[in-house]
Amino acid sequence: MGLATTIMGAIAWCFYVVAVCVRVPPFLWLLVSLTLVATCICEGLTFKFFSTDMCNVTECGLGTSSKCSISACVFWFISALMTCATFKDAQDRKAEQVGGGQDGEP
């Protein structure tokens, strides 16, 4: 799960770098938002290890890296919400451009 989190996070980062230079269609913002939600879920699933037999034999606890992983999971979720808001904004801008910016005129 850690590798999947890293790959999806790198893809989202590359998208943000490209989005600074190029106008991207709204559906890509939604796709990246869903990718970030999947990244959040994969980050959270790394804690599934604590319920295994290996962890029950040894005494597992939340160390520094576990706490960083929890905060990363929260930040992935926050970035997914913010990207979803950007999707809504991009969708509104596209609808305004298609409408020609006319206020209710045919």
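Predicted model: local features only at pLDDT ≥ 70, side-chain atom pairs only at ≥ 80, totals over all residues.
## Two helices side by side

Let's start with helix 1, which covers residues 2–21, and helix 2, which covers residues 26–45. Their axes sit 9 Å apart, and the packing angle is about 155°. Angles over 145 degrees count as roughly antiparallel, so that is the label for helix 1 and helix 2. As for the handedness of the crossing of helix 1 and helix 2, it's left-handed.

Which residues do the meeting? On the helix 1 side you'll find Ala4, Thr5, Met8, Gly9, Ala12, Phe15, Tyr16 and Ala19. Facing them from helix 2 are Leu28, Trp29, Val32, Thr35, Leu36, Ala38, Thr39, Cys42 and Glu43. Sorted by type, the residues of this contact come out as 12 nonpolar, four polar and one charged.

In soluble globular proteins, nonpolar side chains tend to be buried together. Here, the largest nonpolar core is made of 10 residues: Ala12, Phe15, Ala19, Val24, Trp29, Val32, Leu36, Ala80, Phe87 and Ala90.

Setting aside residues up to four places away in sequence, Trp29 touches Phe15, Tyr16, Ala19, Val24, Thr83, Thr86, Phe87 and Ala90.

Thr5 belongs to helix 1. With a relative accessible area of 5%, Thr5 is buried, since the cut-off for that word is under 20%. Beyond its neighbours within four places in sequence, Thr5 is in contact with Thr39, Cys42, Glu43 and Trp76.

Now hop over to Ser69, in helix 4. Ser69 is buried too, at 13% relative accessible area. Apart from neighbours within four places in sequence, the contacts of Ser69 are Glu43, Thr46 and Phe47. Glu43 turns up in the contacts of Thr5 and in those of Ser69.

## A residue in a loop

Where is Leu62? Look in the loop between helix 3 (53–57) and helix 4. Leu62 has a relative accessible area of 48% and is partly exposed. If you leave out residues up to four places away in sequence, Leu62 touches Phe47, Phe50, Lys67 and Ile70.

Technical notes. Residues numbered from 1 in each chain as written. Heavy atoms only, no water. Axes fitted to C-alpha atoms, helices over the stretch in contact; angles between N-to-C directions. Helix = DSSP H or I, 4+ residues; strand = E, 2+ residues; numbered from the N terminus. Parallel < 35°, antiparallel > 145°, perpendicular 65-115°, else oblique. Left-handed = near helix turned anticlockwise from the far one by under 90°. Contact = heavy atoms within 4.5 Å. Nonpolar A, V, L, I, M, F, W, Y, C, P; charged D, E, K, R; others polar. Core = buried A, V, L, I, M, F, W, Y, C linked by side-chain atoms within 4.5 Å. Buried < 20%, exposed > 50% of the residue type's maximum accessible area, 1.4 Å probe, protein only.
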